[in-house]
Amino acid sequence: MNNWLIAPVIIPLLTGMLLIIFQKNIKLQRTLSFLALLAVGVISVLLMVQIKGSGIQTLQLGGWEAPYGISFVGDMFSALLLLATSIVSVCCLIYAFPSIGRKQEKLYFYPLYLFLITGVNGSFLTGDLFNLYVFFEVFLVASYVLITLGGTRRQLRESLKYIFTNVIASAFFLMGVAYLYSITGTLNLADLSLRVAEAGQDGLITTVALLFLIVFALKAGLLLFFWLPGSYSVPPTAIAAIFAALLTKVGIYAIFRMFTLIFYHEPQITHLWIGLLAAATMILGGLGAVGFGDIQKILTYNVVISVGFIMLGLVSSTPEGLAGSIYYLLHDILIKALIFLIGGTVIHLTGTSRLKDISGLIRLRPALGWMFLIAALSMVGIPPLSGFLGKVFTIQGTFEAGDYGFGAIGLVASLFILFSMIKLFMNVFWGETVLCEDEEKGSMKGLLLPIALLTFASLALGIGAEGIAPYVAQAAEELLDPNLYIQAVMD
C-alpha cells in the first residue's frame with residue numbers, strides 16, 4: 001500500500017476547489033496553483049524512485065481488497081507520464097501568468113486548469129476501467145470550458161465540434177464498459193486481464209476490444225482526428241499548449257494499457273488494426289503539415305503525425321519498439337508544449353499566423369528562433385536531441401517484428417515533419433525582417449522563461465538519455481509482462 005499514489009489526484013483537486021472560493025484574489029490563485037503542480041512533480045519523482053526499487057506500487061482505497069475496491073496503481077509507465085505532465089503543466093502555467101488575461105483569470109481559469117490536471121493524472125493512475133471513464137470526463141469537462149475562454153465566434157464553432165465529438169466518444173466508452181462488465185463481471189483492470197485470459201479472447205471480446213479502440217482513437221486523434229486541427233488552434237496559447245501536450249496522450253496511454261494488459265491475445269486482429277490506423281494517421285497528418293501555410297495548422301497536424309508514430313512501438317510488441325514509443329511519448333509531451341508556446345508567441349508578436357506575412361523574426365528575437373530550431377530538429381530526430389532515441393528504437397522494433405511497411409511509413413513521416421518544421425523556420429525566422437520592434441503587436445515580458453525551461457527539459461531528455469534509459473526499459477518490460485501488474489494488484 002502506497003498512499004503517495006493518491007497525491008497527484010488529491011493535490012490539484014483540493015487546490016482547485018479551494019481556489020473557487022478565492023475567485024478575485026489572482027495572486028493567491030497563481031501562487032497556490034504553481035505550488036500544487038510543483039508538489040505533484042516532486043511526488044512523481046518520489047514514485048519513480050520507489051517503483052524502481054520496489055516494483056509496481058498499489059493503493060486500495062478504503063481498505064477494500066482488489067477487485068472489489070477502487071485501486072490506484074503506479075507502474076513505471078504511469079510514473080514517467082506523471083513527471084512529464086508535471087513539467088509541462090508548470091511551464092504552461094508560468095506562460096499563462098502574463099498571457100492569459102485578467103478577464104480569463106477571473107473566470108476560474110486556475111481551478112479549471114487544476115481540474116484538467118486532476119483528470120489526466122487520475123487516468124494515468126487508476127486501476128479500474130470505470131474510474132478511467134470518470135477521470136476522462138473530469139479533464140474533458142474542464143477542457144470544454146477552457147477551450148471557450150475568450151468567447152470568439154471561431155472558438156465557439158470549434159468548441160462545439162470538440163464537445164460533440166467527445167460526448168459521442170464518451171457514450172461509446174460507457175457502452176464498452178457495460179459490455180465488458182456483462183461478459184466478465186469485473187471492472188478492475190488486473191482482474192479483467194485474468195478473466196479475459198481464462199475465458200479466451202473470443203470473437204465477442206475482440207469486438208468489444210475494437211469498440212474501445214474506436215473510443216480511444218477518437219480521444220487520441222488516431223485517424224479520427226477531424227476535430228483536432230480546429231480545436232487546438234482556437235484557445236489561448238497556454239491552453240492550446242497543454243491540450244497539445246496532454247489530451248491526446250491520455251488516449252494513447254489508454255490504448256497502450258488496454259492492449260498490453262487486457263486485449264493482447266489476438267494481436268493479428270487488434271494490433272493489425274492499430275497499425276493500419278497509425279499508418280493512415282501519419283500519412284494524412286503529414287499531408288496536412290506540408291500542405292498548409294498557417295502556423296497553427298502546421299503545428300496541429302504535427303500533433304497528428306506523432307500520435308501515429310507512437311503507436312508503432314505497440315504494434316511491434318517488442319522490447320525495443322515499446323521502449324522507443326515510451327521514450328518518444330515523453331519527448332512528444334515536452335516538445336509539443338514547447339512548439340505551441342513558441343508558435344503562440346510568434347502570433348502574439350506579429351498579429352498573424354500566415355507564413356507569407358512573417359519573415360526574419362530571428363533578428364528581433366534570436367533566442368526564440370534558436371529554441372524553435374532546437375525543437376524542430378528534435379522532432380525530426382536529429383541526435384543527440386530527445387526525439388532521436390525514440391525514433392531509432394521504435395523503427396528498430398517494427399523491423400524486428402517484420403512490420404517493414406509500418407517502419408517505412410514511420411520514416412516517411414519523419415520527412416514530413418522535417419519539411420514542415422524547416423518550412424516554418426525558414427518563413428517565420430529566416431529571411432528579410434519585415435517587422436521592427438516598435439511594430440510588434442504584443443510584449444514578450446514573462447513569455448521566454450517557460451519556453452526556455454521546456455527547451456532545457458527537452459535537451460536534458462536527449463543528452464541525459466543514459467540516465468532515463470533504465471526507467472524507460474523497466475516501463476517497457478512491465479507493459480510486455482501483464483503478470484507483473486496483476487501480481488502487484490491482486491496479491
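**Entry 1: a serine in a loop.** I started with Ser353, which is buried because its relative accessible area is 14%; buried means under 20%, exposed over 50% and partly exposed in between, with a 1.4 Å probe and protein chains only. I then placed Ser353 in the loop between helix 14 (319-350) and helix 15 (366-380). Helices here are DSSP runs of H or I with at least four residues, numbered from the N terminus.

Before going on, I noted that this is a predicted model, where local features need pLDDT of at least 70, side-chain atom pairs count only at pLDDT 80 or more, and totals for chains, interfaces and linings use all residues. Residues are numbered from 1 along each chain as its sequence is written, and side-chain values use heavy atoms, with hydrogens and water left out.

**Entry 2: its surroundings.** I looked up what Ser353 touches beyond four places in sequence and found Gly293, Asp294, Ile295, Gln296 and Ile347, with contact meaning heavy atoms within 4.5 Å. With Asp294, the side chain of Ser353 makes a polar contact of 2.6 Å (a pair of N or O atoms within 3.5 Å, one able to donate a hydrogen and the other to accept it; residues adjacent in sequence count only if both atoms are side-chain atoms).

**Entry 3: the core.** Next I checked the largest nonpolar core, which has 180 residues (buried Ala, Val, Leu, Ile, Met, Phe, Trp, Tyr and Cys joined through side-chain atoms within 4.5 Å). Phe429 is among those with the most contacts inside it. Not counting residues up to four places away in sequence, I listed partners of Phe429 including Ile342, Val346 and Phe372.

**Entry 4: the largest pocket.** I read off about 390 Å³ for the largest pocket. A pocket is an open set of points on a 1 Å grid where a 1.4 Å probe fits, with protein on both sides within 12 Å along at least five of seven lines; lining residues have an atom within 4 Å of a point. Its lining has 21 residues, and Ile347 is one of those nearest the centre. Helix 14 gives the largest share, 5 residues. By class I got 12 nonpolar, 8 polar and 1 charged.

**Entry 5: the second pocket.** What volume does the second largest pocket have? I found about 230 Å³. Its lining has 12 nonpolar, no polar and no charged residues, among them Leu330, Leu334 and Phe456. Here helix 18 (448-463) supplies the largest share, 5 residues.

How values were computed
Helix = DSSP H or I, 4+ residues; strand = E, 2+ residues; numbered from the N terminus. Points joined across faces, edges and corners; volume = space filled by probe spheres on them. Nonpolar A, V, L, I, M, F, W, Y, C, P; charged D, E, K, R; others polar.
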